[in-house]
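Colleague: I would like to go through the strand pairing and the aromatic rings. Please show me the model.

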Amino acid sequence: GGTTVTLTGTNLSGATAVTFGATAATGFTVNSATQITATAPAGSGTVDVRVTTAGGTSATSAADQFTFIAAPTITSISPTAGPTTGGTSVILTGTNLSGATAVTFGATAATGFTVNSATQITATAPAGSAGTVDVRVTTAGGTSATSAADQYTFIGAPTITSISPTAGSTTGGTTVTLTGTNLSGATAVTFGATAATG
């Protein structure tokens, strides 16, 4: 619920009730004899919106139908991490994703996104500061709630501030300690163009 809905018609002055299906509007304001602004209650499916005045209750028609759209949910994302420079293609899996109007990584909009189905979106991560953020999807039904399942971590590029020792045998085998930042999850260490042996 909570959506503001403008009803346009005739003989709306003096309205005493506005209903969405069998449920009363959360509130309504009669703007004129031809317009009412109502707040939709919680609900599901497609319902007829009806207005009651001293003259009776409006008849139902295709023109008065309102559809409640469930809020989207995110149940998983893959991958769950990428560089702070952005550009990572991230698959979001969940429910009610059709008609997505926005995908955000924390407070930053995705660089772009494609709705693959009602249960999947492919989004491109924007640039972000190192740290973990919630990925959220917005549709006409609302914005997905945050959970551990939607968290994405921006990882800064590794830096090396020192190595010890700084020299070793040409035959290799020297154990070298690298000190720096963002070294967790290292997938390769090279000496020039040659991979470290262990």
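Colleague: Which residue in β7 stands opposite threonine 52?

Modeller: This is a predicted model. Strand β6 (residues 45-53) runs antiparallel to strand β7 (residues 56-57), and 2 bridges join them. β6 and β7 form a hairpin with 2 residues between them. Opposite threonine 52 stands threonine 57.

Colleague: In β6, which residue is the bridge partner of threonine 19?

Modeller: Strand β2 (residues 17-20) is antiparallel to β6, with 4 bridges between them. Threonine 19 has as its bridge partner in β6 arginine 50.

Colleague: Which residue in β8 stands opposite aspartate 48?

Modeller: β6 also pairs with strand β8 (residues 65-68), in the antiparallel sense and over 4 bridges. In β8, the residue opposite aspartate 48 is glutamine 65.

Colleague: What is the angle between the planes of phenylalanine 66 and phenylalanine 68?

Modeller: The whole structure holds 5 aromatic pairs. One of them joins phenylalanine 66 and phenylalanine 68, with 5.0 Å centre to centre. An angle over 60 degrees counts as edge-to-face, and this pair is edge-to-face at 80°.

Colleague: Is phenylalanine 68 buried or exposed?

Modeller: Phe68 forms one aromatic cluster with Phe20 and Phe66. The cut-off for buried is under 20% relative accessible area. Phenylalanine 66, at 16%, counts as buried. Phenylalanine 68 has a relative accessible area of 14%, so this residue is buried.

Methods
Residues numbered from 1 in each chain as written. Predicted model: local features only at pLDDT ≥ 70, side-chain atom pairs only at ≥ 80, totals over all residues. Heavy atoms only, no water. Phe/Tyr/Trp six-rings, centres within 6.5 Å; stacked < 30°, edge-to-face > 60°. Buried < 20%, exposed > 50% of the residue type's maximum accessible area, 1.4 Å probe, protein only. Pairing = 2+ DSSP bridges.
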